[in-house]
Structures are given as C-alpha cells and as structure tokens.
Amino acid sequence: MKKLYLVACLSFVLAPHTLLAVPQNTAHGNKGHHHHGGAPEMPGIGFGLAAAIGIAGYLVLRRRHTSQT
Amino acid sequence: MTIEVSLTSSAQETLRPRPVLRAGGLSLRRFLLLVLALTLLAIAADQLAAPILQTSTPLWAAAACLLLIWRRDELPSAFGDGAFEPALSKSRLAVFFAAHFLLILLARWMTSTFQPVAGMPTSAGTVIAAWKLTVLVPTLVLLPLSRSKELLAAYKHEIAAALVVLLTFSPWRILHAIWPWYGQLLCRFVYALAHFFVPGLGYTTALTPTVTGPDLDITILEGCSGMNGFELFGYLFGVVAFLDWNRIRKGRALFAYFAGLLAMVVGNALRITSFVVLGNHGFADFVLRFHLSAGWIFFSVLFLAYLSLTYGWMLKKVNAVVQPQQAE
C-alpha cells in the first residue's frame, strides 16, 4: 500500500504536460446540414478516468490470477 | 543474511531450503537507488533552471529504473559475494553537480538560439530533442564504471526497461515527423474498411485528411492518430510491470509491450472507422457528442482485453508443491 501511494505521488509529479494541453481547435465549418467531426487530444479528465478503469481492471485480473495459482 | 525457501516441483528439493545471500546485493541496490534519486532531482533542477531542457522522458526513464530496482527482490549474482561495496565519494558528487551546473549555463546561454526550432518537427528540432537527453550523462560519473560489465549484467532488465521508457514514452515528436505520411495511411485504412458499410464514401488528401460521407465527414487530426492510446497503454503497462516485476518474464513482457503498442494503433484505426460507419447511419449527433470520452474508454477497454490475453503468458510459472501420498 505504501509503495502504491508512492507510485501515485510520483505519477502525479511526472505527469506529462501534454495531458494538460488545451484541446486543439477543431472548427472546420459545417456545410449545410452536414456534420463535421474530429477527435482532438482531450485533457486530463478523460485520461484519468481511462487510467482508473485500466488499473482497476488489471488489479481484478491480477487477483483472479493469484487466487488461481 | 536471509534464508529463503523456493517452491519447486520436487518433493525432495522442498526438504532442502536454498540459502540466498543478500548483503552485497542490498548494498548495491541502495547505492543505485541513491544515484537514481540524485539523478531525478538534478534533472528536475536542470529543467527548472533552464526551461529549454524541459522534456519528461529522462524523468520517466530515471523514475522507471529507480522503481524497478526498488521492486526487485532477486540478488544480482555478480555482486552476491558482498565484496563489492560501492560508495559515493565527495569528488564524484562534486563532478556530478558541476556537470549539471555547466549544462544549465550552456542551456541558458543557447536558449535564444535554440528556442525558435525547439519542438519543431525538423532535423534541427530533433537534434535539440536529442541534446535534452544529455541531462542523463552526468550520472555516469556516479556509477562504478570499472564494474560496468557486472553492473549491466546484474541490472540489464531494469536498464532495458528504462531505455524503452526513454524512447517510447513521448511519441508525439515522432508523430509530428511522420504525420504527413501516417495521416494519409490512417485515412486510407479507415476509408478502405468503412466503404464496405457506407456507400458514397470518399476521402480528401491533405495534411489533415478527411473521410467524406453522406451525413458526416470525419477529419483526421493529429490528435486522432492514436498517440493518446499509445501513451495510455505505456502508463498502464508500466503499472503492470512495476507491480509484477518479480513475477513476469522480462523478454515476453518486452514483446508484449511493443505488440500492445501496435494493437493500440490498429485499434485506433478501427475506432475511427466505427465513427465513420455509425456517423453515416443516423448516429452523427451521438458520434459528435461522445467521440472524445468514448475514445478514452475504448483505449482502456482495449488495454484490458489485450492484457487479459497476454497476462498469464507473461508471468513466470509457479509450480505448486505436490506431496505424493505413498501407500503404506
């Protein structure tokens, strides 16, 4: 638990600047009723949620694997 | 001295505990942890004092090496006799800090020259990006280079992991360089897959190519390149490597890492294809509203699916001790 806490702190300190970037401008203009989409880089919240899901899933997988062996 | 008992499949072997000497290994480990901690602090100070040096990869690489050596519980055999007791001399420390100080002075002096091209996807920008990695060089002064062979042999996995982190944890620069080519390839791949499901689809070639459809056009920006998934995979795989460092087979983990990065790139192409198909089948508003958050969830699910397929394969086999019952 202590090590996990340390990793969390270290990750926070080392969080790359790109994850805090402002979304790029995606305005390309619509043509009439036509939609126009892009998928620019999304700042922190999406990444944080995805990372939390990934780590939670991994820990479940790890626990299941440990109990099997 | 610590006595450990290892699990084996042989009932006879389990009766004989295997002694493992730890004194020398622990001493060396403490020394390396100290060196890496000093490196981390010095690099952070460099980047604070000379912002032109800012890049996260040397920090990540040093942190990865530090954490993995910390996690490691095996004794490096080459240093297992305890005869090697490394120490940080004052002179070495002085040279180390002097080298960082000179680097800061040089970087501040060259800032006005380097600033216009730093971060640019040009050869000059690449040279400057490579130059930023010199913040790692003074660390060599602290290491006992006379025992470098043994050191490399003992900690080759941790050093290799740090190199992988150094080279792959910041893929945006590489992406900027290859985007004119990769963007077209991605667009053509998406078009080739999606046109089976959406009649009347087309694409325009530009620096940011667009797949045009009857209801929805999808412009593929650099942000759609899959590098977010690439980065997410790197961080999550790093957590896996850290927590299971003593249980995973290092060669297989390395293979799984690079194969996983490739899976993320292919998965991203499928993600954009799904946007094109859904967006042109009456779900345009849904795609526009959720394509960002859905993208992150998609990458997360893709990581978990990939990990569930490879996790057991990466782990070392642990043989359960089976005591055969003999009939009396």
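Predicted model: local features only at pLDDT ≥ 70, side-chain atom pairs only at ≥ 80, totals over all residues.
**Entry 1**

I began by counting elements.

Next I looked up burial. In chain A, 28% of the 69 residues count as buried. For chain B the share is 45% of 328 residues.

**Entry 1: where the chains meet through helices**

Which helix of chain B does α2(A) pack against, and at what angle? I found α2 of chain A, residues 44–68, against α12 of chain B, residues 284–314, at about 20 degrees, with the axes 9 Å apart. Angles under 35 degrees count as roughly parallel, so α2(A) and α12(B) are roughly parallel. The handedness of this crossing is right-handed.

I then went through the residues that make the contact. On the α2(A) side they include A:Gly46, A:Ala50, A:Ile53, A:Gly54, A:Gly57, A:Leu61 and A:His65. On the α12(B) side I noted, among them, B:Trp296, B:Ser300, B:Phe303, B:Leu307, B:Tyr311 and B:Gly312. By class, the residues of this contact come to 12 nonpolar, 7 polar and 1 charged.

**Entry 2: α12(B) again, now with α11(B)**

I stayed with α12(B) and turned to its packing within chain B. Helix α11, residues 250–279, crosses α12(B) at roughly 155 degrees, and the two axes come within 9 Å. Since angles over 145 degrees count as roughly antiparallel, α11(B) and α12(B) are therefore roughly antiparallel. This crossing, too, is noted as right-handed. Its contact residues divide into 17 nonpolar, 6 polar and 2 charged.

I picked out B:Ala256, which sits in α11 of chain B. Is B:Ala256 buried or exposed? The cut-off for buried is under 20% relative accessible area, and B:Ala256, at 1%, counts as buried. Leaving aside neighbours within four places in sequence, B:Ala256 is in contact with B:Phe233, B:Phe237, B:Tyr306, B:Trp313 and B:Met314. I also took one distance: the C-alpha atoms of B:Ala256 and B:Tyr182 are 23 Å apart, for 74 residues along the chain.

**Entry 3: α3(B) and α10(B)**

My next pair was α3(B) with α10 of chain B, residues 227–243. Their axes come within 9 Å and cross at roughly 25 degrees, so I wrote the two helices down as roughly parallel. From α3(B), the residues B:Trp60, B:Leu67, B:Leu68, B:Trp70 and B:Arg71 meet B:Tyr235, B:Ala241, B:Phe242 and B:Leu243 of α10(B). The class count here is 8 nonpolar, no polar and 1 charged.

B:Leu66 also belongs to α3, which spans residues 57–71. With a relative accessible area of 15%, B:Leu66 is buried. Which residues does B:Leu66 contact, leaving aside its neighbours within four places in sequence? I found B:Leu33, B:Leu36, B:Ala37 and B:Leu40. B:Leu66 and B:Glu158 are 92 residues apart in sequence, and their C-alpha atoms are 8.4 Å apart in space.

**Entry 4: the buried side of α5(B)**

Helix α5 of chain B covers residues 123–132, and I listed its buried residues as B:Gly125, B:Ile128, B:Ala129, B:Trp131 and B:Lys132. Where do they lie around the helix axis? They fall within an arc of 160 degrees, so the buried residues line one face of α5(B). An α-helix has 3.6 residues a turn, so residues three or four places apart point the same way.

The face turned away from that buried side carries the exposed residues B:Ser123 and B:Val127. As for packing partners, the buried residues of α5(B) lie against α4 (90–114) and α9 (172–194) of chain B.

I looked up its accessibility and found B:His100 buried, at a relative accessible area of 3%. Not counting residues up to four places away in sequence, B:His100 touches B:Ala42, B:Ile43, B:Asp46, B:Val135 and B:Pro138.

Methods
Residues numbered from 1 in each chain as written. Chains lettered and ligands numbered in written order. Heavy atoms only, no water. Axes fitted to C-alpha atoms, helices over the stretch in contact; angles between N-to-C directions. Helix = DSSP H or I, 4+ residues; strand = E, 2+ residues; numbered from the N terminus. Parallel < 35°, antiparallel > 145°, perpendicular 65-115°, else oblique. Left-handed = near helix turned anticlockwise from the far one by under 90°. Contact = heavy atoms within 4.5 Å. Nonpolar A, V, L, I, M, F, W, Y, C, P; charged D, E, K, R; others polar. Buried < 20%, exposed > 50% of the residue type's maximum accessible area, 1.4 Å probe, protein only. Arc of directions from axis to C-beta.
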